[in-house]
Amino acid sequence: MIQMQNLPGVTNHLEFTANKLGEYPGRCNILCGRAHSQMLFTVKVVTPAEYKLYLETLKGGQA
Ligand SMILES: [Cu+2]
């Protein structure tokens with residue numbers, strides 16, 4: 001499990017080495033306010049080739 005504090009207006013960076021492909025759920029772990037229940041996200045661990053394709057889609061290229 002990885003936890004970090006997020007503050008409004010502050011950009012956090014997190015780096016880790018994943019050892020298994022897949023999708024992993026994430027959520028806010030502090031009852032922070034009215035939108036707390038909507039603070040969900042997914043971390044996708046993909047192959048380098050899949051990641052490269054994803055980056056191309058961000059540039060507006062074909063994937
Ligand atoms: Cu929250």
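# Briefing: a predicted chain with two strands and a helix

The protein chain contains 1 helix and 2 strands. Read from the N terminus, these elements follow the order β-β-α. The radius of gyration of the protein chain is 15 Å, well over the 11 Å that the globule rule gives for 63 residues, so the chain is more spread out than a compact globule. The model described here is predicted.

**Overall shape and exposure**

- Taken along the principal axes, the C-alpha atoms of the protein chain fill a box of roughly 40 × 30 × 20 Å.
- Of the 63 residues in the protein chain, 0% count as buried.
- A residue must have 20 or more other C-beta atoms within 10 Å of its own C-beta atom to count as buried.

**The paired strands**

- Strand 1 covers residues 22-27, and strand 2 covers residues 40-45.
- The two strands run antiparallel, and 6 bridges join strand 1 to strand 2.

**V43 in strand 2**

- V43 belongs to strand 2.
- Because 13 other C-beta atoms lie within 10 Å, V43 is partly exposed.
- When neighbours within four places in sequence are left aside, V43 is in contact with Y24 and G26.

**Helix 1 and the residue L58**

- Helix 1 spans residues 48-58, and L58 lies within this helix.
- Helix 1 has 11 residues, of which the number buried is 0, so the helix lies largely in the open.
- L58 counts as exposed because it has 8 C-beta neighbours inside 10 Å; the exposed class applies to residues with 12 or fewer.
- An α-helix has 3.6 residues a turn, so residues three or four places apart point the same way.
- G60 follows helix 1 and has a positive phi, near 90°.

- L58 and K44 are 14 residues apart in sequence, and their C-alpha atoms are 16 Å apart in space.
- V43 and L58 are 15 residues apart along the chain, and a separation of 17 Å lies between their C-alpha atoms.

Key
Residues numbered from 1 in each chain as written. Predicted model: local features only at pLDDT ≥ 70, side-chain atom pairs only at ≥ 80, totals over all residues. Helix = DSSP H or I, 4+ residues; strand = E, 2+ residues; numbered from the N terminus. Contact = placed C-beta atoms within 7 Å. Rg over C-alpha atoms; globule rule 2.2 N^0.38 Å. Pairing = 2+ DSSP bridges.
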